[in-house]
Amino acid sequence: MINVALPKGRLGEKVYDMFERAGYECPSIKENTRKLIFENKEKGIRYFWVKPSDVSIYVERGSADIGVAGKDILLEYAPDVYELLDLNMGKCRMAVAGKNEFYDDGSRTLKVATKFVNIAKKHYASKCRDIDIIKLNGSIEIAPILGLSDVIVDIVETGKTLMENNLSVMETIVPISARLISNKSSFKFKTEEIEKIVKCMKDQVRTDD
Ligand code: PRP
């Protein structure tokens, strides 16, 4: 049995559809229930829904053999897992944004609000820029508006949230997409099954955008 941690939410549903198209269907998952675990014994696959930012924890610790996590989470928490495949979905970018009129003249410590503390620290360390990190858990865009920070480091997908709050992207740090990841010992002991999944999933990756 291969245990798969799926990110709960809209992206997770698309990811499941991809597994389905790849031949790993589990019809009960589409029943509108509050159940979190679904299995198809015949196909030897068990899915469970977890919070997107927790997928890599389940995979790293072996509760899931494989899972799908955003590159943002992989960069931020650096879990000890294998990254097997870029699914080319859930695409967005990690960016620095600020008020439209903000200009960083470098004269004082830059106040940076973010959920992604490690990504932000690494980004500014590479530029030798002194920063004061303010860790937030959501609605990051509000920080520069209220003067809590000068800039934010956050995910930008359509750019709508920034635009509607009179903020704009100042720099793109890294492009983000969903990745298929594997637990290291699962990969060692269930190589054949996992490689088969990777191959079937690869055939389903859309490269047209
Ligand atoms: C993310 C991100 C932005 C928004 C960007 O928030 O933090 O707020 O999506 O999307 P857009 O460019 O399409 O407007 P999320 O919905 O994950 O909620 P959060 O406020 O908890 O971070």
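# Briefing on a predicted model

C128 sits in the loop between α4 and β8. The model is predicted, and local features are given where pLDDT is at least 70, side-chain atom pairs at pLDDT 80 or more, while totals for chains, interfaces and linings use all residues. Residues are numbered from 1 along each chain as its sequence is written, and side-chain values use heavy atoms, with hydrogens and water left out. Helices (H or I, at least four residues) and strands (E, at least two) are DSSP runs, numbered from the N terminus.

**Loop residues with positive phi**

- C128 has a phi near 55°, which is a positive value in a residue other than glycine.
- C128 is exposed, with a relative accessible area of 73%; exposed means over 50%, buried under 20%, and partly exposed in between, with a 1.4 Å probe and protein chains only.
- N166 also has a phi near 55°, a positive value in a residue other than glycine.
- N166 lies in the loop between α6 (160-164) and β10, and its relative accessible area of 52% makes N166 exposed.

**The five-stranded sheet**

- Five strands form an open sheet in the order β8-β7-β9-β6-β10, with mixed pairing.
- Two strands count as paired if DSSP finds at least two bridges between them.
- Strands of a sheet pair through backbone hydrogen bonds, either parallel or antiparallel.
- The edge strands are β8 (131-135) and β10 (167-176), and each pairs on one side only.
- From one strand to the next, the twist averages 30°.
- Strand β7 (residues 110-114) and strand β9 (residues 151-156) run parallel and are joined by three bridges.
- A113 has I152 in β9 as its bridge partner.
- Helix α4 (residues 117-125) lies across β6 (92-99), β7, β8, β9 and β10, and runs at about 170° to β8.
- For such angles, axes are lines fitted to C-alpha atoms, for helices over the stretch in contact, and angles run from 0 to 180 degrees between N-to-C directions.
- Contact means heavy atoms within 4.5 Å.

- Strand β4 (residues 66-70) is mostly covered, as five of its five residues are buried.
- Strand β1 (residues 2-7) pairs with β4 in the parallel sense over two bridges, and V4 stands opposite I66 in β4.
- β4 and strand β11 (residues 178-182) run antiparallel and are joined by five bridges.
- The bridge partner of A69 in β11 is R179.
- S182 is in strand β11 and is buried, with a relative accessible area of 0%.
- Apart from neighbours within four places in sequence, S182 is in contact with V59, D65, I66, V81, Y82, L84, F187 and I194.

**Aromatic pairs**

- Four aromatic pairs are found in a search of the whole structure.
- Rings of Phe, Tyr and Trp (its six-membered ring) pair if their centres lie within 6.5 Å; planes under 30 degrees apart count as stacked, over 60 as edge-to-face and the rest as tilted.
- The ring centres of Y16 and Y47 are 5.4 Å apart and the planes are at 90°, so this pair is edge-to-face.
- Y16 is in helix α1 (residues 10-21) and Y47 is in strand β3 (residues 45-50), so the pair ties together parts that are 31 residues apart in sequence.
- Y16 is buried at a relative accessible area of 2%, and Y47 is buried at 0%.
- Y82 and F187 also form an edge-to-face pair, 5.5 Å from centre to centre with 70° between the planes.
- This second pair links distant parts of the chain, with Y82 in strand β5 (residues 82-86) and F187 in helix α7 (residues 184-189), 105 residues apart.
- Y82 is partly exposed, at 36% relative accessibility.
- Y16, F19 and Y47 form one aromatic cluster.

**The second largest pocket**

- The second largest pocket holds about 350 Å³ of space.
- Its lining has 15 residues, of which E13, I29, N32, T33 and W49 lie nearest its centre.
- α1 gives the most to the lining of this pocket, with three residues.
- A pocket is an open set of points on a 1 Å grid over the protein atoms alone, with protein on both sides within 12 Å along at least five of seven lines, and lining residues have an atom within 4 Å of a point.
- Grid points are joined across faces, edges and corners, and a volume is the space filled by probe spheres set on the points.

Methods
1 Å grid on protein atoms, 1.4 Å probe; cavity = no way out; pocket = protein on both sides within 12 Å on 5 of 7 lines; lining within 4 Å.
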